[in-house]
Amino acid sequence: MDKICGAVLDKINSLSPSGRYVVIAEDEFYDCFPDGDESGERLDRALTLLKEGGYIDVKYSRGDLFCIAPLKEYIEEEPAEDAEDMDEAPKRKINFTFASAFLGGMLGSLIISLIFALV
């Protein structure tokens, strides 16, 4: 999500609780733009991206007024693990249930083999 989308979503979330519609003027969105560039195309693109992403619901937009409801918060994805972490070999975990069942079966076979050998 770019800076403008984030700023627009923060403005919507600050004006309305989740799921409630609020009427916002176009000028209020321009106040929150990071670089102060007042472009209607950039605002429309940001609102379209947020709507397609499921972050907002636009009920109507007439003139310079928008009726918008925030649907969910934006949560930044955590960065991928460093290459140093990827170089480490994964630790092997011993499945104690499998090991004990295997050893028990081997011990049982050994006892039966000894019994048949002696009889």
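Reply: Ile12 touches Ile24, Phe29, Leu47, Ile56, Ile68 and Pro70, leaving aside residues up to four places away in sequence, where a contact means heavy atoms within 4.5 Å. The model is a predicted one, in which local features need pLDDT of at least 70 and side-chain atom pairs count only at pLDDT 80 or more, while totals for chains, interfaces and linings use all residues. Residues are numbered from 1 along each chain as its sequence is written, and side-chain values use heavy atoms, with hydrogens and water left out.

Ile12 is one of the buried residues of helix 1, and the others are Ile4, Cys5, Gly6, Ala7, Val8, Leu9 and Asn13; buried means under 20% relative accessible area, exposed over 50%, and partly exposed in between (1.4 Å probe, protein chains only). Helices (H or I, at least four residues) and strands (E, at least two) are DSSP runs, numbered from the N terminus. The buried residues of helix 1 pack against strand 1 (22–25), helix 2 (26–32), helix 3 (40–52), strand 2 (56–62) and strand 3 (65–70).

Ile12 also belongs to the largest nonpolar core, a set of 18 residues in which Val8, Ile12, Phe29, Leu43, Leu47 and Ile56 touch the most other members. Such a core joins buried Ala, Val, Leu, Ile, Met, Phe, Trp, Tyr and Cys residues through side-chain atoms within 4.5 Å. Helix 1, strand 1, helix 2, helix 3 and strand 3 each supply at least two residues of this core, and helix 1 gives the most, with five.

The length of helix 1 can be checked as well: its 13 residues (3–15) should span 18 Å at 1.5 Å a residue, and this agrees with its end C-alpha atoms, which are 18 Å apart; the expected span is 1.5 Å times one less than the number of residues.

The C-alpha atoms of Asp31 and Val8 are separated by 9.7 Å, although the two residues are 23 residues apart along the chain.

Of its 119 residues, 24% count as buried, and among contacts with a separation of 6 or more, 55% are between residues 24 or more positions apart.
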